[in-house]
Protein chains: 2
Amino acid sequence: MLALCGALAPAPATGGDPSAGRRLAEACVQCHGANGISVMPNAPNLAGQPEIYFADQLRQFRSGRRASEVMTVIAKPLSDRDIDDLAAWYASISIEATLPR
Amino acid sequence: MLALCGALAPAPATGGDPSAGRRLAEACVQCHGANGISVMPNAPNLAGQPEIYFADQLRQFRSGRRASEVMTVIAKPLSDRDIDDLAAWYASISIEATLPR
């Protein structure tokens, strides 16, 4: 029997614009997928991630506090607004998780 | 109209045992949810994360390369086997992403 579990409850907003984030996210699809589901074994799913977590991590990549050769380069030119918009976009994708038997 | 997007394709295995990982993951539910969907604004969803990504991040927390006060403490006592088992468990949770209009 499959257990169908609830969709993500909305996280507190960072004030980003999901539509603007969606446009910026075109640069992310090659690794993170068009719907935020990873297409690379070493890249995470971003769909439905809590906005606050997402924005914090992207700022950590930008500052170098969180180490990643790829993500540091990608995050470098992003403004705080860009980061909040991207966070709002990915948080707006709802996800459902299904546990294995 | 809602666009229903595909479930995660299985990532290459790290050789972990999802059943063992499920038991270990009982320590994770307070932040990451019983089904791997975050219940905290500053914690990520883990459901369906690619095994290789997941295991690498947990090793980074254990070594301190990825900074997190909470996760460093939690990852410290984990063996490589524990990490692979946890990676296998979370990867075994299938997810579906639904884009907003």
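Trainee: Which residues in H3(A) meet residues of H5(A) such as A:Asp80 and A:Tyr90?
Mentor: This is a predicted model, where local features need pLDDT of at least 70, side-chain atom pairs count only at pLDDT 80 or more, and totals for chains, interfaces and linings use all residues. Residues are numbered from 1 along each chain as its sequence is written, chains are lettered from A and ligands numbered from 1 in the order written, and side-chain values use heavy atoms, leaving out hydrogens and water. Helices are DSSP runs (H or I, at least four residues; strands are E, at least two) numbered from the N terminus, and contact means heavy atoms within 4.5 Å. The residues in H3(A) that meet H5(A) are A:Glu51, A:Phe54, A:Ala55, A:Leu58, A:Arg59 and A:Arg62.

Trainee: How many nonpolar residues does that contact of H3(A) with H5(A) have?
Mentor: Ala, Val, Leu, Ile, Met, Phe, Trp, Tyr, Cys and Pro count as nonpolar, Asp, Glu, Lys and Arg as charged, and the others, Gly among them, as polar. The contact has 5 charged residues and no polar ones, and its nonpolar residues number 9.

Trainee: What word describes how H3(A) and H5(A) lie to each other?
Mentor: Axes are lines fitted to C-alpha atoms, for helices over the stretch in contact, with angles from 0 to 180 degrees between N-to-C directions. Here the axes are 9 Å apart and the angle is about 140°. Under 35 degrees is roughly parallel, over 145 roughly antiparallel, 65 to 115 roughly perpendicular, and the rest oblique. The two helices are therefore oblique.

Trainee: Which residue forms a salt bridge with A:Asp80?
Mentor: A salt bridge is a side-chain nitrogen of Lys or Arg within 4 Å of a carboxyl oxygen of Asp or Glu. In this pair the closest N and O atoms are 3.3 Å apart, and the partner of A:Asp80 is A:Arg59.

Trainee: How far apart in sequence are the parts that this pair ties together?
Mentor: A:Asp80 lies in helix H5 of chain A, and A:Arg59 lies in helix H3 of chain A. The pair therefore ties together parts whose separation in sequence is 21 residues.
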